[in-house]
Amino acid sequence: NVSIETVRPRRIFCRSQYRLCSRARGIMNHAMIFWIYVLAALTGLGGCQSLPEHKVRLNSTQIAALKQEGFVKSEEGWEFSAAEKLMFGSNEETLLPNARGAVERISRLLISLDISNVRIDGHADLTGSTTYNDQISLRRAQVVRDVMVQVGISANEVRVRGLGNRSPVVSNKTADGRAQNRRVVIVIVSD
């Protein structure tokens with residue numbers, strides 16, 4: 001009798017533990033499915049490179065000052081794309097002194113005009129793999145953002161994108177063309 005009594009509680013305990021485990025597994029399965037959907041949604045958003053941007057409305061004084069600095073109207077707003085001022089060497093992500101000076105001057109102008117919502121688009125030439133060009137173009141944009149933040153623009157107001165070699169301004173067939181395509185464009189997203 002004693003041995004049966006000790007076996008029975010163990011069986012009852014094991015069965016109740018099994019029921020508890022199966023209930024817990026069911027709850028865990030539902031939780032796992034929930035988190036898989038959440039991660040899938042986040043991954044889908046993370047892979048999207050062009051999230052909706054808030055467009056600012058510029059007044060005539062701001063527009064005149066941007067034009068004077070060399071900004072031109074584009075489909076997305078106002079762009080500073082003077083390639084000779086914001087170009088990079090091959091396989092380089094360091095701003096040359098004259099390019100750094102241009103970024104600092106533009107940053108001070110944007111601060112004085114109270115313009116926010118800046119986007120920096122980094123570009124690369126056709127040499128190198130697509131992955132490498134995407135990475136170096138993003139690092140170039142980040143370098144420009146870092147200078148703008150050092151001057152006093154809030155990091156929250158500056159968005160960066162690495163566009164790789166997808167938007168050349170000229171043909172990549174010559175060394176001069178490749179040099180012009182290794183650039184950063186500063187965009188004021190506006191109406």
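Modeller: The buried residues of helix H4, where buried means under 20% relative accessible area with a 1.4 Å probe and protein chains only, are Asn 133, Ile 136, Ser 137, Arg 140, Ala 141, Val 144, Val 147 and Met 148. Seen down the helix axis, these residues fall within an arc of 135°, so they line one face of H4; the arc is taken from the directions from the axis to the C-beta atoms. An α-helix has 3.6 residues a turn, so residues three or four places apart point the same way. The face turned away from the buried side carries Thr 131 and Gln 150, which are exposed, that is, over 50% on that scale.

This is a predicted model, in which local features need pLDDT of at least 70 and side-chain atom pairs count only at pLDDT 80 or more, while totals for chains, interfaces and linings use all residues. Residues are numbered from 1 along each chain as its sequence is written, and side-chain values use heavy atoms, without hydrogens and water.

Helices (H or I, at least four residues) and strands (E, at least two) are DSSP runs, numbered from the N terminus. The buried residues of H4 pack against helix H3 (97-112) and against strands S3 (118-122), S4 (158-162) and S5 (184-189), with contact meaning heavy atoms within 4.5 Å. Just after H4, Gly 152 takes a positive phi of about 140°.

As for the sheet, five strands form an open one in the order S1-S2-S5-S3-S4, with mixed pairing; two strands pair if DSSP finds at least two bridges between them.
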